Amino acid sequence: TLSVGLHTATVELQSVTMMFSIAKRQIPSTLRSFSSTAASSTSGGGAGFFARVGSFISGAGLTALATEVYIFKEVREGNAEMLKKQRELEKRLAALEKKH
């Protein structure tokens, strides 16, 4: 059983070694169209770190502004609805008090 186990381990090691040797092969450029175009476009002096950070900050700011406007609109509409319901309850309570 020890020799069978060693044989199995040797076969598995050979298959793993073969996978890594296949992975090291050069992939033809026709199959690497996306990665090769990405590599060539960034080597031409793409957006720098501070440009990306600036874009992120301005996007986050605009998102925060839009969210704030939306939240304030919802709060105003919610307050108006709650006041309306409170007035209705006060009317019903006044009507009940008049009966008794």
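Predicted model: local features only at pLDDT ≥ 70, side-chain atom pairs only at ≥ 80, totals over all residues.
**Confidence, fold and an exposed aromatic pair**

Residues are numbered from 1 along each chain as its sequence is written, and side-chain values use heavy atoms, with hydrogens and water left out. The mean pLDDT of the protein chain is 77, and 55% of its residues reach 70 or more.

The protein chain holds 3 helices and 0 strands, in the order α-α-α from the N terminus on. Helices (H or I, at least four residues) and strands (E, at least two) are DSSP runs, numbered from the N terminus. Of the 100 residues, 0% count as buried, where buried means under 20% relative accessible area, exposed over 50%, and partly exposed in between (1.4 Å probe, protein chains only). The chain exposes about 9400 Å², with carbon and sulfur atoms supplying 67% of it; the areas come from the Shrake-Rupley method with a 1.4 Å probe, and for residues only the protein chains shown count as cover.

A search of the whole structure finds 1 aromatic pair. Phe49 and Phe50 form this pair, which is edge-to-face, with 5.4 Å centre to centre and 75° between the planes. Rings of Phe, Tyr and Trp (its six-membered ring) pair if their centres lie within 6.5 Å; planes under 30 degrees apart count as stacked, over 60 as edge-to-face and the rest as tilted. Phe49 is exposed, with a relative accessible area of 59%, and Phe50 is exposed at 69%.

Definitions and conventions:
pLDDT = per-residue confidence, 0-100.
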